[in-house]
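Student: I am new to this structure and would like to learn how to read some of its features. Could we take them one at a time?

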Amino acid sequence: MPHGFKWDGYEQGTVRHVCPRRSCAPATINWEKNTDTREKLMGEFSEKVRRGKVPGPRRQTFTVEAWRKARDEFSSEDSADIALYVSGQHIHSKLGAIRKAIKQSSLSHLSTQTQVKALVAAANHQFEALQLQIKKRSAEAAGENISGEIRIGDLAATQIRLADGSSYNADAALGSMLDGIAIPVKVALAGLPRIADDSFADVNWNDVRLEINLGALYDQAENLWEDCVWNTYIVNGEGNKMLAIPMDIDAKRGTRAAAARRFALGIESTSYAVRVIQQSQDQGLTPKIKEVQAILIDGDQQRIQLGPGKADSHNHALLLALRTMACPPYYDSLLSESQPQLAGASLSQLFDGWMVIAQAASQLWEMTSLAQKTDSPVDPEALSDMREYVPFFTKEALTAAVHEATGIPVPGAQAIVEFLTFVGKGQQEFWTQPLVSAGDPSKLYPVFGAIAAPPNLRFALERWMAQLKVKLEDRGPAFEQHLRTSLVNAVATSPMLSRVAKVVPCDYTFRCTDKTFAQIDALFCVGSRVFVLEAKCILEPTESTSIGTHRAAIEHAVEQVKMRVALIEAHREEFIVDMKQFGWNLPQDFDVKPLVATSTVAQVGVPLGGVPIVDELVLEGFFKGGYEYVGLNTDDFSISERIRRPFYSDAGEAQANAARYFEHPPQLKQYSDALHLRPVRMYAASKDDWFGTMVDFD
């Protein structure tokens, strides 16, 4: 039997994919739950830091004296203020020690071109080592299962042991690697290029690894600080040994459960989309984007050879599937708009260009990686000729390939290539700009871990929108209408609830005779139980700051939907009458419950302020009446097993259990149940720096 994936809880529909972020190593730790709410953990000093009125340790204007004065001016005995003040001092000390260590590195004496190429080569070499470890662990996991299938949950939890002795999951290890080179590459590219007569022969590769590790440590410290600001973490200890823990453990648990669910949904939707695309190809339909077949190299001259407008490879089908997943229907109008920074090309065309470059990168990686070229064992720790790990594309060849494969005019194709090139400025990161110029603008070096590995295009799309300053105001109404349409379809096709459930199919405002009113984004009932939805279309959070702001936005939505429910409760008779225009015949004793529906996976299944947080899939799942236990074969993504698990047995049970279902969706329970506390190591950058442990979930 071919090896495959298996997991508990198959949720069909448009889904989100997970963005890679670092995880933590296995261990056990005692924990006493803190039941304080976030509202109680906020003081004036903390609020000033959040709003940027008081500079934190990441800011260049930060000084210990100014930090103390701000504490004296704004702080009280509030627990959050005390925690943030103490944590800020420790983070400042850590960041200063790392900066000092980086300045002492031998890489700072090399030319800009050699520095950048060395860092990219080391990252690509680490990517090869990571691929080898993943392949080995997957084979071991499959061998441990008599059926030859791999459960998705087990795969997500598979630990890869890296050179520092710590264990990480694959996504976390890849994220740590790319975060590690981002900061030193930014430093190398800052200011005027440094010119020197040097080459790879002058590179100390141990110093390259050290600088990458320092970059990852710096990124870890910055993210920890944002966790202190936004997610209730506190850093404290004695001497040079520190412990970082969250004061609100449930918030962190919800964040990690959402990440696990995103991983599973990404695999599931990839399976679905690949099969749909391959079925289309079997019917003779061909994609508009030509396929990269080979890269022809003659010295510094390159030509990217394209095949006919037909995707007959699994790799091309996978890229098309990933693109489909990244673009929900309520983004449609934004994707077709002309973008000035792309010479008039649209976001949709940016996706097309990215796909061509991703295919070319996969071809180039097969030509580069020793593990790809030979069946002989490869030592992932060996430092072979590192020059082999930094191949380049010519900008001319990439531009020509994007133009020829997609039909995008040459100015637009060139602008897309330039947009996808990392120059270390603004909001750029390797996940969104996977090409690097090392001084010569005609040569672009791919960071293979960011583009040759299966990507997170939903994450990339939302970051591209921010970088291009796309106006997102229109997404809210579009998402609300999409949600209402989804509910209408879910009720109409429900096996048991189509006759007892009803949906208001349009934007609705409840107007009362006393002149009070409330605009309600979505409204449905199951028998005599009414649900009021507040829709929130926001970006999927992927790092500490956005996780905190995302939770704040959801909290605001919770307060809004509570007010709408309170208005209905205060005018029950009027509401019963008004609902008759939609064919509703509510009894006098109907009850009404609030829900917040979000466009993201984050926070779903974790109630806030007593209000359930749901998404489109959770809503649709209720009307389907159950979910499926599904096994997938990894070779062709075919489904090998289905076991249905019902939520209810009839309409009466569905009505009685509806509120409980939305509070704690059964299909999501597996993700939180699988979590356990683990410590993340934080290393000292020098003998004068502190070291410690950050408590997290995995």
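Student: Which residues of helix H19 are buried?

Tutor: This is a predicted model, and in it the buried residues of helix H19 (residues 572-579) are Phe575, Ile576 and Met579. They sit on the same side of H19, because they cover an arc of only 100 degrees around the axis.

Student: What covers the buried residues of H19?

Tutor: The cover includes strand E14 (508-511), E16, E17 and helix H18 (544-570).

Student: In what order do the strands of the open sheet of five run?

Tutor: Strands of a sheet pair through backbone hydrogen bonds, either parallel or antiparallel. Here the order is E13-E16-E17-E18-E19, and the pairing is mixed. Strand E13 (501-503) and strand E19 (613-614) are the edge strands, each pairing on one side only.

Student: How many bridges join E18 and E19?

Tutor: Strand E18 (residues 591-598) pairs with E19 over two bridges, in the parallel sense. Val596 has Ile613 in E19 as its bridge partner.

Student: Which strands does helix H20 lie across?

Tutor: Helix H20 (residues 616-624) lies across E13, strand E16 (522-526), strand E17 (529-536), E18 and E19. To E16, H20 runs at about 25 degrees.

Student: In what sense do E5 and E6 pair, parallel or antiparallel?

Tutor: Strand E5 (residues 233-238) and E6 are antiparallel, with six bridges, and Tyr233 stands opposite Pro246 in E6. Their hairpin has two residues between the strands, and Gly239 takes a positive phi near 60 degrees there.

Student: How many bridges join E6 to E23?

Tutor: Four bridges join E6 to strand E23 (residues 691-697), and these two strands run parallel.

Student: Which residues is Arg475 in contact with, leaving aside neighbours within four places in sequence?

Tutor: Arg475 is in contact with Tyr331, Leu334, Cys537, Ile538 and Leu539.

Terms used. Residues numbered from 1 in each chain as written. Predicted model: local features only at pLDDT ≥ 70, side-chain atom pairs only at ≥ 80, totals over all residues. Heavy atoms only, no water. Pairing = 2+ DSSP bridges. Contact = heavy atoms within 4.5 Å. Axes fitted to C-alpha atoms, helices over the stretch in contact; angles between N-to-C directions. Buried < 20%, exposed > 50% of the residue type's maximum accessible area, 1.4 Å probe, protein only. Arc of directions from axis to C-beta.
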